[in-house]
Amino acid sequence: MKINIFTRRKFIISASAGTAGALLSYKVPVFGISNKVSVSELALKGGKPVRTDDWMKWPVWNSDAEEPMLSVLRSGNWYRGWGTKVTGFENKYADLIGAKRVLATASGTTALETALHVMGVDAGDEVIVSPYTFIATYNVVFNQKALPVFADTDQETFNINPHKIEEKITERTKAILPVHILGLPADMRRIMAIARRNNLVVIEDACQAWLAEYEGKKCGTLGDLGCFSFQNSKNIPSGEGGAVAGNNDKIMDLCYSYHNCGRAYGKTMSEFSGYPFRGGNKRMTEFQAVILMSQMKRAKRDADKRLENALYLDSKLKDIPGIITYKLADGATRSAYHLYPFRYKKEYFDDLPREKFLAALTAEGIPCSEGYGPQYNDGLIEEALNSKGYKRLFSKQRLNTYREELKNLPDNDQLTREAVWFFQNMLLADRKDMDDIVNSIQKVFENRKQLL
Ligand SMILES: Cc1ncc(COP(=O)(O)O)c(C=O)c1O
């Protein structure tokens, strides 16, 4: 590969003072990949793309799911109460993640709703959450008629900044809901310490973090309860599906009861009959469980492959100017890589806007995304705060200070402007496919002037 020294020198000289420190430590990269990349026309400008091969489609189904699927179909036992598949899945998933118990649910959203309800998050409470997450994490708090209070994001880890949590605690705060976003584990040691000091419960949103690890333990088993999603795009998919994991029998019996219309369930509820508890129908079907049993067989192998490729990308991308790879939070030992993220610093690309960088990469055959926006500005929060219920539950003063706090999430705002994601299925490809990613980014960097 030709290294465009001249371009880099010019780039170093013209860099702003704010980036000087990073630039001083910048080394000319040694990719050792191929001679493919040189100054050449970008695909977006009509040049030859780095890659024309398709990426692996997702989800992938295995033929071993066919026979049990047909057998459930023919049996008519499609509901968990009449079958054995959902229970079988719960036991297997509990083994896989090292949890005492797992409850399967219809989705990740219903898993989180179940966990919040059972852990006592009620109308008028506040729950501290990360703003950098899929919208379901906001919604489930609103669905409890509670207030999602955002602690700013740590841009390096993409996760909630544990140092911003304590200042958000009020007398209404009931829970912390850390999200292991993109599969990157949140800083659970600090989060658990804050929770214990302030008598708060911790519900992990591990909906993107199957088999991710924090201090060697699986994400979703560190807090009071952990929640997972098995939606179609997920690393372990079943169309829709979710799970709550926990180690406390009483709490898990209540979770079961809540997800099953509030019917009494388990040894810890044996003195009850009928409907002693509020609840709803949040049950998983037998069909979902059949798919999950089959998907679980490949889960570890896939997770290892994603990890291997992600570490390779880390080692290559860190040498490209303006590409800031993610950092694992203190104590995080393994990411699930539902997405592979980095930050794009446009000042290193002569101020090429991120959308043009993304379009150029896509044209080179590398699908990518800008990720989450600042969703707290999208209207859903105002809609909730203006509702009759929220006006009853929270003082005018609290709602006004809350509105002001939404304007003070500078790190999250910046991350939403700079993030770039690759998708988990890309990480299941081969080393040469990872080289296509690296070469494409390098090509866009070296030829960025064509887009200015
Ligand atoms: C972080 C996070 N939380 C919650 C959910 C909700 O899961 P589901 O779509 O299965 O309801 C998702 C799903 O995308 C998610 O990514």
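In what order do the seven strands of the open sheet run? Here's a tour of this predicted model, one view at a time.

**View 1. The seven-stranded sheet runs E1-E9-E8-E5-E4-E2-E3**. This sheet is an open one, and its pairing is mixed. At its edges you'll find strand E1 (101-105) and strand E3 (147-150); each has a single partner strand, so one side of each has no neighbour in the sheet. Going from one strand to the next, the twist averages 25°.

**View 2. Strand E1 meets strand E9.** To pick out one of the bridges, look for alanine 104, whose partner in E9 is alanine 243. Helix H5 (residues 108-118) packs on this sheet, touching E1, strand E5 (201-205), strand E8 (225-229) and E9. The directions of H5 and E8 make an angle of about 165°.

**View 3. Cysteine 227 sits in strand E8**. Is this residue buried or exposed? Cysteine 227 has 34 C-beta neighbours inside 10 Å, and 20 or more is enough to call a residue buried, so buried it is. Setting aside neighbours within four places in sequence, cysteine 227 is in contact with a set of residues that includes Gly108, Ala111, Leu112, Ala115, Ile203 and Val244. Take glycine 108 as an example: it is 119 residues away from cysteine 227 in sequence, but their C-alpha atoms are 6.6 Å apart in space.

**View 4. A three-stranded sheet runs E7-E6-E11**. This one is open too, and its pairing is antiparallel. Strand E7 (217-218) and strand E11 (332-334) stand at the edges with a single partner strand each, so one side of each is left without a neighbour in the sheet. Strand E6 (residues 213-214) pairs with E7 over two bridges, in the antiparallel sense. Look here for glutamate 213, which stands opposite lysine 218 in E7.

**View 5. Stepping back to the chain around these close-ups.** The protein chain has 15 helices and 13 strands. Its radius of gyration is 24 Å, close to the 22 Å that the globule rule gives for 452 residues, so the chain is as compact as a globular protein of that length. Along the principal axes, the C-alpha atoms fill a box of roughly 80 × 60 × 35 Å. Buried residues make up 46% of the 452. Of the contacts between residues at least 6 apart in sequence, 71% join residues at least 24 apart.

Notes:
Residues are numbered from 1 along each chain as its sequence is written. This is a predicted model: local features need pLDDT of at least 70, side-chain atom pairs count only at pLDDT 80 or more; totals for chains, interfaces and linings use all residues. Two strands pair if DSSP finds at least two bridges between them. Helices (H or I, at least four residues) and strands (E, at least two) are DSSP runs, numbered from the N terminus. Axes are lines fitted to C-alpha atoms, for helices over the stretch in contact, and angles run from 0 to 180 degrees between N-to-C directions. Two residues are in contact if their C-beta atoms, placed from the backbone, lie within 7 Å. The radius of gyration is taken over C-alpha atoms; the globule rule is 2.2 Å times the number of residues to the power 0.38. A residue is buried if 20 or more other C-beta atoms lie within 10 Å of its own, exposed if 12 or fewer, and partly exposed in between; C-beta atoms are placed from the backbone.
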